[in-house]
Amino acid sequence: MKELLQRYKYASADQLPSYCIPITVNGKTCGRLRPITPDTLHSEEEIRLLTEWRSASGEWFTTQFPVTEHGTRQWLEQQVLQADDRILFFVDDEDWNPIAQVGFLHYDEVKKQCEFDNLLRGRKGRFGNIMIYALLALGEWSIRVLDLQTGYLNVLADNARAIAIYKKLGFQEEKRTPLVKQVEGDVTRWVAAEDDDAGGEAQRYLVTMKVRTEGFYDTLKHIF
């Protein structure tokens with residue numbers, strides 16, 4: 001299956017439309033998931049968008065740093081495209097304009113699980129709830145094509161809006177990890193608290209949420 005991810009990530013411009021995943025609502029296509037390929041590395045506009053979205057949402061990541069287009073391009077090439085257990089999609093609106101990104105990493109072919117990651121909306125499309133349906137499309141594709149059985153994600157506990165969306169999609173909280181703040185130069189990291197950190201007092205919490213195939217399909221029934 002990891003070879004399949006490579007085919008999606010390295011599709012040529014001519015092949016790419018056949019690798020896009022439609023986002024549908026009541027039988028109507030309102031957008032698509034478009035695999036991010038090496039072509040994005042040479043697109044100033046797409047690199048700019050990815051950089052702006054990451055910068056705007058920096059407070060909701062456990063690692064925070066000044067985001068640059070150069071750094072975004074390196075991250076995309078080295079940590080996304082070259083990783084065999086990871087894929088990232090643009091969320092395109094009904095006019096095929098990129099408005100968000102979604103993806104997953106740590107795809108485990110044996111355990112049939114992965115971590116959903118980099119779920120960022122850049123701007124609203126004309127269809128207001130497109131991100132919910134984008135995540136549903138990604139989940140359905142993951143089950144159908146990759147035989148995914150379990151999906152999980154990590155979200156900061158104070159990101160109430162994101163947690164509400166994930167609950168709506170069928171994710172349930174599995175655990176909370178206490179975090180403490182570490183600052184090195186212009187990089188801030190929220191790391192798991194040790195017993196001797198700040199007297200054991202957490203400054204934030206990281207919530208791990210999971211959804212299994214049956215729970216996901218229950219969600220599909222209620223939403224559709």
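Let's start with the lining of the second largest cavity: its residues divide into four nonpolar, two polar and two charged. Here Ala, Val, Leu, Ile, Met, Phe, Trp, Tyr, Cys and Pro count as nonpolar, Asp, Glu, Lys and Arg as charged, and the others, Gly among them, as polar. Before going on: this is a predicted model, where local features need pLDDT of at least 70, side-chain atom pairs count only at pLDDT 80 or more, and totals for chains, interfaces and linings use all residues. Residues are numbered from 1 along each chain as its sequence is written, and side-chain values use heavy atoms, with hydrogens and water left out.

So, which residues line that second largest cavity? They are Val80, Arg86, Ile87, Leu88, Gly103, Phe104, Asp117 and Asn118. Strands β4, β5 (98–108) and β6 each give two or more residues to this lining. The volume is about 30 Å³. Grid points are joined across faces, edges and corners, and the volume is the space filled by probe spheres set on the points.

Now the largest cavity, with a volume of about 180 Å³. Its lining counts 18 residues, and Phe116, Gly139, Phe171, Val211 and Phe216 lie nearest the centre. By class we have 12 nonpolar, five polar and one charged. The top contributor is α5, with four residues. Helices (H or I, at least four residues) and strands (E, at least two) are DSSP runs, numbered from the N terminus.

On to the strands, where a pair needs at least two DSSP bridges. β10 (residues 204–212) runs antiparallel to β7 (residues 150–156), with seven bridges, and Val155 stands opposite Val207 there. Seven bridges also join β10 to β8 (residues 172–184), again antiparallel. Elsewhere, β1 and β2 form a hairpin with two residues between them, and Asn26 in the turn has a positive phi of about 50 degrees. In β2 (residues 28–35), six of the eight residues are buried, meaning under 20% relative accessible area with a 1.4 Å probe, protein chains only.

Last, the cysteines. Why? The sulfur of Cys20 is 14 Å from the closest cysteine sulfur, in Cys30, which is too far for a bond. Cys20 is buried at 14% relative accessible area, and Cys30 is buried too, at 6%.

Note on methods:
A disulfide is a pair of cysteine sulfur atoms within 2.5 Å. Buried means under 20% relative accessible area, exposed over 50%, partly exposed in between (1.4 Å probe, protein chains only). On a 1 Å grid over the protein atoms alone, a cavity is a set of points where a 1.4 Å probe fits but cannot get out, and a pocket is an open set with protein on both sides within 12 Å along at least five of seven lines; lining residues have an atom within 4 Å of a point.
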